[in-house]
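Biologist: I would like to learn how to read the annotated site in this model. Please take it one feature at a time.

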Amino acid sequence: MGSINIQECFDTAMQLVKTAGDLVRDAIKKKKNIETKSSAVDLVTESDKAVEKIMIDGLSNAFPDHKFIGEESVSAGEKCVFTDDPTWIIDPIDGTMNFVHSFPHTCISVGLWINKDAEVAIVYNPVLNQMFTALKGKGAFLNGEKISASGETDLSTSLIFAEVGSSRDPEKMNTVITNFTTLLPRVHGMRAMGSCTLNMCYVAMGGGDAYFEFGIHAWDTAAAYLVVKEAGGIVVDTEGGTFDLMRRRVLCASTQELAEKVAKLLKQYQPERD
Ligand code: LIP
């Protein structure tokens with residue numbers, strides 16, 4: 001594999017994301033063809049599949065030796081193989097449930113990881129025209145303007161994002177409810193807006209102070225991980241240790257101090273790894 005031009009990777013992915021964004025912006029207003037995946041509330045539409053095809057066809061044309069992990073390809077039976085090779089990790093529509101209901105909080109998420117480290121991130125909500133971008137070491141941006149995490153350290157004045165997720169496994173649901181019950185009396189407010197990727201990007205832009213979820217996948221966090229880090233935020237495991245992209249648990253926060261305070265209070269849950 002030759003040397004990698006990161007700017008060329010970013011520019012190529014950006015063009016494709018804009019094309020895919022046009023498709024999503026148009027499709028969200030229309031009737032969707034919906035199928036279910038791991039549960040009756042884990043949904044996929046023809047638009048998820050179409051966006052993933054645009055991204056993988058375009059990127060593999062430009063970078064034939066790069067690897068891919070795509071939500072819908074994995075759901076269709078492909079193995080989720082994460083190596084040191086340049087790997088594009090794609091969630092064609094994060095917040096599919098929102099998309100299905102025309103709730104305009106949904107995005108395309110594309111991350112490039114090389115040697116198991118995040119290098120390029122593009123997260124695009126075409127409905128609200130929010131384009132989050134990051135390159136390793138170069139900061140995080142929303143529509144071209146630099147963004148920063150809030151710097152909040154105090155739990156009692158924090159706005160926390162959490163999600164209910166798409167599993168109806170009783171142990172998982174109990175974990176979700178327990179964590180809401182524990183945190184709610186201790187914080188300013190809690191929100192569950194239905195997109196892991198956008199929750200993380202909102203922490204990155206200082207629109208909230210922390211977010212945690214159990215049961216997300218690598219494609220939900222791969223791009224937003226870099227956006228949060230480049231915005232000066234923290235991404236860790238829900239217990240507070242090193243974040244593991246394949247472990248399906250995430251806690252991100254504006255500061256290390258706040259991350260530790262949240263981690264200490266969370267009831268833990270371990271889904272099957274990606
Ligand atoms: C969604 C996540 C969300 C989670 C949902 C689902 P999808 O991703 O962003 O945080 O609660 O269950 O996993 O399936 O819309 O790409």
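Modeller: Start with the elements: helices (H or I, at least four residues) and strands (E, at least two) are DSSP runs, numbered from the N terminus. Asp94 lies in strand 4, residues 87–94. Residues are numbered from 1 along each chain as its sequence is written. The model is predicted, so local features need pLDDT of at least 70 and side-chain atom pairs 80 or more, while totals for chains, interfaces and linings use all residues; side-chain values use heavy atoms, without hydrogens and water.

Biologist: Which residues does UniProt list for "binding site"?

Modeller: UniProt positions follow the numbering used here, feature names are shortened, and annotations may be inferred rather than shown by experiment. The unreviewed entry lists Glu71, Asp91 and Asp94 under that name. They are spread over 24 residues of sequence but cluster in space, with a largest C-alpha distance of 9.5 Å.

Biologist: Is Asp94 buried or exposed?

Modeller: Buried means under 20% relative accessible area, exposed over 50%, and partly exposed in between (1.4 Å probe, protein chains only). Asp94 counts as buried because its relative accessibility is 5%. Glu71, in helix 3 (residues 71–75), is also buried, at 9%.

Biologist: What does the side chain of Glu71 make a polar contact with?

Modeller: A polar contact is a pair of N or O atoms within 3.5 Å; within protein, one must be able to donate a hydrogen and the other to accept it, and residues adjacent in sequence count only if both atoms are side-chain atoms. Here the partner of Glu71 is the side chain of Lys37, at 3.0 Å.
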